[in-house]
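Good morning, and thank you for coming. Please look at the view as I bring it up.

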Amino acid sequence: MDDKFLIAEKYAQALFSYAKDNNLIEEVMSDLLLLKEASGLVPDFLRWMSVPIIPLERKVEFVEEIKRAFGLSDAVEYFLRILMEKKRIRFLPDIVERFRILYNTFHHRVDVRVVSARALSESERQLFLHIWGAYLKRWINLVEEVDEDILGGIKVYFRGYLYDASLKKRLELLKEELVR
Amino acid sequence: MNVRISPEEISSVIRSRLESFSKSYELAQVGQVLEVGDGIARIYGLEDAMAGELVFFPKQNMYGMVLNLEEESVGVCLFGDDSEVKEGDEVRCTGRIAEVPVGDALIGRVVNPLGIPVDGKGEIKADRFRPIERIAPGVIERQPVKEPLQTGIKAIDAMIPIGRGQRELIIGDRQTGKTAIALDTIINQKGKGVVCVYVAIGQKNSTIANIVKTLERFGAMEYTIVVAAGASEPAPLLYIAPYAGCAMAEEFLETGRHALIIYDDLTKHAQAYREMSLLLRRPPGREAYPGDIFYAHSRLLERACKYSDAKGGGSLTALPIIETQAGDVTTYIPTNVISITDGQIYLETNLFYQGVRPAINVGLSVSRVGGNAQVKAMKQVAGRLRLDLAQYREMEAFAQFGTELDKATIAQLERGRRLVELLKQPQYQPLSMPEEVMVLYVGVNGYLDDIPLDRVKRFEEEWLSTLRSEYPHILEEIEKAKEISPELEEKIKKAIEKFKERFQV
Ligand SMILES: Nc1ncnc2c1ncn2[C@@H]1O[C@H](COP(=O)(O)OP(=O)(O)OP(=O)(O)O)[C@@H](O)[C@H]1O
Ligand SMILES: [Mg+2]
């Protein structure tokens, strides 16, 4: 657990720099997302691949099957084999996540999650993308979420920060101010 | 206070506050819980978090404190039930260091280390907060201790005097009367303008409840705050308890008043810190304690101080308590704390069972700075007392070899035995300084030499009640002049002689 992030970061960086040098970034990204989705759908998938009593050859065969089924690139297939040999396969979801962040940065993209009390209208969405895109100087991967609890306004999660301009927060701040 | 405030006035005040209110959003760093257990959570993100910063778990409405800063994550201790926190939960930085409510509103209350009342007496309306950690006052802000902190315990006030602003360790095995000394000292502060803070760390809740009851019984809660972190609380709460209590006491120090704080005890505090550190995977050192345990205790005890007159002249006296195993003071935590205090009161199981209570080993106990603060009257009797007892201990060792003893030696031994008897003192009966002086006076001036050993206690009791009823002016004069003038000494001698004539052995 301690090194989970460091391990995931190292593998993701290695794979990313390999993909970049070989012009495979897009391919690798989509393969990885596919794998992550598959491991989410079939939770035993990763566990099975990390069980030591199953011989490595069986696992390698299995990876080849996956490769055929999903049409994975050679690079990703080879990467999976390395993870298996090094007994790091269980970190795959974290590696994919780290890879995605590297991928975003490479494309000047950033994940932004916006929470609002009701769904955003198309014009609000465009306005949001415009203002926040300019502020963050990045293209925005927008994830929208509705939470009536915040009463009104918006909450924006980006790069480890929370910009809380919800009505609920405003009332809390007001309460603090009045109590003082 | 008979001023009537109309509702209109209130609304206009609120209105003006609302108009000046401009804050409409908040920007905070957020992270996610990676794993949680044993009161510790590891949080991903929070890159700007500071060590000691408070973090907030909005879903649980719970606070935690940042302890470990690592490359990709931070280690946080939780001030609440960790079973409510789940992987992936949101955590926010607050930009604040942990703080507790302080001020007069806390006096008479029992609170937990976060300042939340646990005595069922309702909300505490504190007007101020203080961070639980702060840098101890520097050298120029301080002055040497100069006023005594009377414990009301003869043996201590005479031979191990404590000054206001001093740090004196109470050390001994379990059940040797450590807590008793602390409680008597609190009880004795009545009417002396010293606010007391008793920090109970890792004790059974029933024990804490008894302590509070005792303090109430003697009217001592009127000027005392109890900070309770019971044995069943999570380790992080035990860990912050002394710092929180110290912050509460500092409020009085800062306002030019006098405060006394008891940490009962720092052994359990160290154990709580060790538990936390191991859970945080910090490298263990000697006896598996984390390497900075010395720093944890020294920065706490350094906060005790006597302020210079320019800083208001307030004082904060600290009495940390340490429990030893089989009297061994050479283990890690005792040696540490001994080295960062201004002396120690050393209690011994042997003495306790011999009936010498308080079970203070006078030979091993010292007070390195309190002598300056001792009043002259006490010095006048204490010098002889110390000398007589030292000689007694030396000769007692000889006498055990069964050698023939000369008359002078026998007399010394008899004197010593009576002094030891005289220094015994039951719990909850602290004496005033003049009373202590008068009791010791009869001992060191030989008035007890012809009194049988088993009558000494009764002699003391009757002498004290005679003093109180027939010679209150003697007590008052010592209290006022703080010394025994030759004229007063004449009066005292006459009084004793008269009393001895009446005393029936
Ligand atoms: N001066 C005294 N005279 C008579 N009894 C005393 C005296 N001091 C303490 N005792 C008794 O000795 C017992 C132990 O005292 P106390 O609880 O203060 O010890 P302690 O060292 O704090 O113990 P623990 O290690 O459990 O915290 C108590 O029952 C107390 O009433
Ligand atoms: Mg005790």
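How do the residues of the shell around ligand 1 divide into nonpolar, polar and charged? Before I answer, please keep in mind that this is a predicted model. The shell holds three nonpolar, six polar and five charged residues.

Let us stay with this ligand for a moment. It is surrounded by 14 residues, and the closest of them are Gln175(B), Lys178(B), Thr179(B), Ala180(B) and Gln427(B). Helix 3 of chain B, which covers residues 178-187, gives the most to this shell, with three residues.

Now to the individual polar contacts. Lys178(B) places a polar side-chain atom 2.7 Å from an oxygen atom of ligand 1. For Thr179(B), a polar side-chain atom also lies 2.7 Å from an oxygen atom of the ligand. As for cover, the ligand taken alone exposes 630 Å², and the protein buries 70% of that.

I turn next to a pair of helices in chain B. Helix 7 spans residues 293-301 and helix 8 spans residues 332-339; their axes come within 10 Å and cross at roughly 35°. The crossing of helix 7 and helix 8 of chain B is right-handed.

Which residues meet there, in helix 7 and helix 8 of chain B? From helix 7 they are Ile293(B), Phe294(B), His297(B) and Leu301(B). Helix 8 brings Tyr332(B), Ile333(B), Asn336(B), Val337(B) and Ser339(B). Sorted by class, this contact has six nonpolar residues, three polar residues and no charged ones.

Finally, I would draw your attention to some details of the backbone. In chain B, the peptide bond from Asp264(B) to Asp265(B) is cis, with omega near -5°. Asp265(B) sits in the loop between strand 13 (258-264) and helix 6 (266-279) of that chain.

Another cis peptide bond runs from Arg357(B) to Pro358(B), with omega near 0°. Pro358(B) belongs to the loop between helix 9 (349-353) and strand 17 (366-367) of chain B.

In chain A, please find His108(A), which has a positive phi of about 55° although it is not a glycine. This residue lies in the loop that separates helix 6 (92-106) from strand 1 (109-116) of chain A.

Thank you for your attention.

Terms used
Residues are numbered from 1 along each chain as its sequence is written. Chains are lettered from A and ligands numbered from 1 in the order in which they are written. This is a predicted model: local features need pLDDT of at least 70, side-chain atom pairs count only at pLDDT 80 or more; totals for chains, interfaces and linings use all residues. Side-chain values use heavy atoms; hydrogens and water are left out. A residue is near a molecule or strand if one of its heavy atoms lies within 4 Å of it. A polar contact is a pair of N or O atoms within 3.5 Å; within protein, one must be able to donate a hydrogen and the other to accept it, and residues adjacent in sequence count only if both atoms are side-chain atoms. Accessible areas come from the Shrake-Rupley method with a 1.4 Å probe; for residues, only the protein chains shown count as cover. Helices (H or I, at least four residues) and strands (E, at least two) are DSSP runs, numbered from the N terminus. Ala, Val, Leu, Ile, Met, Phe, Trp, Tyr, Cys and Pro count as nonpolar, Asp, Glu, Lys and Arg as charged, and the others, Gly among them, as polar. Axes are lines fitted to C-alpha atoms, for helices over the stretch in contact, and angles run from 0 to 180 degrees between N-to-C directions. A crossing is left-handed if the near helix is turned anticlockwise from the far one by less than a right angle, and right-handed if clockwise. Contact means heavy atoms within 4.5 Å.
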